[in-house]
Amino acid sequence: MLVIENGQMAGQRWLIDSDRVVIGREVGAVDLLIVERQVSRRHAMIERTEQGFVLKDLSSKNGTFLNGKELREEPVLLQDGDEIQVALSVRIAFVGSNETAPLNARPISSGMKVAVRGVRLDKETRRVFIAEQELDPPLSAQQYRLLEMLVDANGSLVPRQEIVERVWEGENSYGVSEQAIDALVRRLRDRITERDPDHEYIVTVRGHGLRFENR
């Protein structure tokens, strides 16, 4: 089993149910998709052998590390509790077959491509990725500002007044109605739901504000 330890995918668990698992960021070409800029298209591979599972780097640009040591050309046998670092960006714990897998672990089966849940922002270009797919057409300026502040809050409550001051910055925020805020939230929810309808990212805390759940 693989357990993601950090980043937007933190806490997600995957059962290895095939002889080979390719890790990378190229949609359709890997089994475990990690949408991070530092991760190569086909970054690393975990393969079942007679001795157990081995980890191999696939000539990635930023390297694959096992327990802090960079892998070279030869594959390395994985042990229970090993920490895999993909480009020093994402940490993945390897849980051996003798351990009990949690009930919410998802299988990585042969021929099955894993869909990663989560929202990622590229703040330089204001691009938005939802469940590993870029949102197209892009969000409006107000929708993007609202999403950015919710993501940056990292699960904390964002008061409605703070939303008004941030989202309507540079504009006349005086007199922005509750209906205007609700309409903006609804439109943003609809755009996110287009790509990932099975998870409620934006949670309304009535009488207080909004909270963002990114997995």
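Visitor: What should I know before I start?

Guide: The model is predicted: local features need pLDDT of at least 70, side-chain atom pairs count only at pLDDT 80 or more, and totals for chains, interfaces and linings use all residues. Residues are numbered from 1 along each chain as its sequence is written, and side-chain values use heavy atoms, without hydrogens and water.

Visitor: How many helices and strands does the protein have?

Guide: Helices (H or I, at least four residues) and strands (E, at least two) are DSSP runs, numbered from the N terminus. Here there are three helices and 18 strands.

Visitor: Is Q85 buried or exposed?

Guide: Buried means under 20% relative accessible area, exposed over 50%, and partly exposed in between, with a 1.4 Å probe and protein chains only. Q85 counts as buried because its relative accessibility is 15%. It lies in strand β10, residues 83-86. In the protein, buried residues make up 46% of the 215 residues.

Visitor: Which residues does Q85 touch, not counting those up to four places away in sequence?

Guide: Contact means heavy atoms within 4.5 Å. Leaving out residues up to four places away in sequence, Q85 touches G63, T64, F65, G68, V90 and R91.

Visitor: What is a nonpolar core?

Guide: In soluble globular proteins, nonpolar side chains tend to be buried together. A core is a set of buried Ala, Val, Leu, Ile, Met, Phe, Trp, Tyr and Cys residues joined through side-chain atoms within 4.5 Å. The largest one here has 26 residues. Among those touching the most other members are V119, L146 and F212. Helix α1 (141-152) gives the largest share, six residues. A second, separate core has 22 residues, including W14 and F94.
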